[in-house]
Amino acid sequence: MATRAIAVEDAKTGELTEAVHEHPFIVRLCHWVNTVALFVMIGSGLQIFRAFPSFGAKIPQKDLIDWPRSLAIGGWLGGALQWHLTFMWIYIATGLVYVGYQVFSGNYRQVLFVPRDAPGVWPMVRHYSFFGPKPPARQAYNPLQKHAYTSVIGLGVLSVLTGLAIWKPVQFSWLAWLMGGFHWARLWHFIIMWAILAFVFGHLVMVVLHGWNNFVSMFTGWKKEPEYPVE
Amino acid sequence: MPKFMSSPIDRRKFRKMNRRELLKLAPVVALGAFAIPSLQKPLLKAGLGFSDWASAQLFRSGHLAPTFDDSDLTPFAKFPINDYDVDDPGVDFDKWTLTVSGAVQKPGDYTFAQIQNLPKVTQNTRHVCVEGWDVIGNFSGVRLSDFLKSIGADPTARFITVECADDYYESLDMATAMHPQTLLCYEMYGQPLTREHGAPLRLTIPTKIGYKQAKYLTDLKVTHVLGKVGYWEDQGYSEFYGL
């Protein structure tokens with residue numbers, strides 16, 4: 001693995017601290033641009049949903065939930081559609097650049113979930129949920145992290161495909177058909193948004209739990225005193 | 001301590017390196033332009049414009065919208081009536097004509113009978129509202145393309161515009177106007193169009209969003225340039241909105 005590791009020396013004490021370059025620039029750039037795009041997509045999506053907050057018939061209309069306007073972006077349906085149809089390109093672009101970079105640079109190896117990671121998922125879940133013993137960290141990403149970061153790419157792809165089926169149910173009628181028709185595509189799009197939000201929630205909890213050095217590494221790429229042995 | 005690729009570096013140099021890496025993320029800040037009021041409107045207009053351009057590229061003249069069995073139809077009573085103003089603008093059917101103008105060889109007032117003389121088409125297609133609901137309806141009428149040919153419309157013209165008895169107005173790109181499922185509709189569910197659904201003549205366009213499918217038509221123009229786009233479009237909704 002092409003992890004760049006260095007030792008940082010304190011001039012006064014001569015103390016050495018190790019640091020690794022964990023997140024390549026493209027990954028960090030895509031991460032933060034996508035963060036903004038995802039925020040806008042969900043906010044404007046909820047405003048669009050407010051126009052018809054139901055998955056049933058129009059007549060009679062039974063609302064699923066009265067989502068507050070203050071937790072939505074765009075102010076009105078037309079405004080929200082402008083945000084949604086603008087930021088979807090940014091959202092898609094960051095996804096494509098991220099996945100493309102990971103594949104061509106080989107960096108995917110540190111984060112892609114593969115079958116041999118499967119046995120390690122449960123011990124991590126047990127550690128976080130039930131305060132079980134902490135499994136030793138061997139790599140930059142533990143099996144649960146790999147599972148989360150790989151799954152969320154799948155959710156991202158599904159969010160785009162379900163969105164495409166709603167936006168273009170005629171030109172991509174086969175896509176809408178795969179999802180059970182326009183009606184179902186809209187419901188899937190909504191469900192996938194909540195799944196992504198669930199990921200974001202877990203992600204933020206982990207950010208808090210793993211402290212400052214870990215947080216900073218998403219900005220600078222460098223992580224001081226990594227928890228795992230540097231190769 | 002593991003083996004390092006280079007000898008230890010000074011703390012200050014490490015900080016500088018981190019700062020440089022952080023500054024490389026400056027492009028993210030550019031997204032902040034969307035938060036500046038004076039820039040927000042033009043940026044979103046450009047974004048929506050790009051989506052409309054992509055929509056027009058994705059449109060395929062020969063690709064038909066899905067059609068459905070009669071058993072899939074939404075009951076007529078549950079087919080929503082959406083207006084921006086009144087359900088019934090009070091059209092006088094006896095005096096009604098469709099006034100045709102613009103880039104056509106035969107402009108003038110066309111009677112309901114003249115339009116009905118063209119081949120009748122019936123289709124069960126999905127009507128999708130921008131709000132998010134959808135229904136499947138039964139629509140009969142004449143192909144807009146047949147009508148455009150009969151009036152000698154200039155095929156190089158880019159747009160069709162329509163005006164309605166309730167002051168609603170809309171426009172269509174020529175490719176969509178010529179699509180075989182784009183109808184000048186005068187019947188729904190085998191019955192003459194009711195006033196609420198746009199009698200005597202409305203547009204049915206299965207490849208477009210609902211607000212494009214204007215009701216109570218009174219005027220039709222073939223044109224190379226577009227002034228106003230449509231009632232909702234001119235307030236900020238998508239201009240193309242092809243499905």
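Predicted model: local features only at pLDDT ≥ 70, side-chain atom pairs only at ≥ 80, totals over all residues.

Colleague: How many bridges join S4(B) to S5(B), and do they run parallel or antiparallel?
Modeller: Strand S4 of chain B (residues 120–128) and strand S5 of chain B (residues 134–143) run antiparallel and are joined by nine bridges. Within this pairing, Val128(B) has Asp134(B) in S5(B) as its bridge partner.

Colleague: Which strand pairs with S5(B) over five bridges?
Modeller: That is strand S8 of chain B, residues 183–188, and the sense is antiparallel. Here Phe139(B) has Met188(B) in S8(B) as its bridge partner.

Colleague: Changing topic, which strand of chain B is joined to S1(A)?
Modeller: Strand S1 of chain B, residues 9–10, is joined to S1(A) by two bridges, and these strands run parallel. Glu9(A) stands opposite Asp10(B) in S1(B).

Colleague: And how many residues does each chain bring to the contact?
Modeller: Chain A brings 46 residues and chain B brings 46 residues.

Colleague: Which elements of chain A supply at least two residues each to the side that touches chain B?
Modeller: They are strands S1 (4–9) and S2 (16–21), together with helices H1 (25–51), H2 (77–105), H6 (182–209) and H7 (211–220). H2(A) gives the most, with nine residues.

Colleague: How do the residues on that side of chain A divide into nonpolar, polar and charged?
Modeller: On the side of chain A that touches chain B, 29 are nonpolar, nine are polar and eight are charged.

Technical notes. Residues numbered from 1 in each chain as written. Chains lettered and ligands numbered in written order. Contact = placed C-beta atoms within 7 Å. Helix = DSSP H or I, 4+ residues; strand = E, 2+ residues; numbered from the N terminus. Nonpolar A, V, L, I, M, F, W, Y, C, P; charged D, E, K, R; others polar. Pairing = 2+ DSSP bridges.
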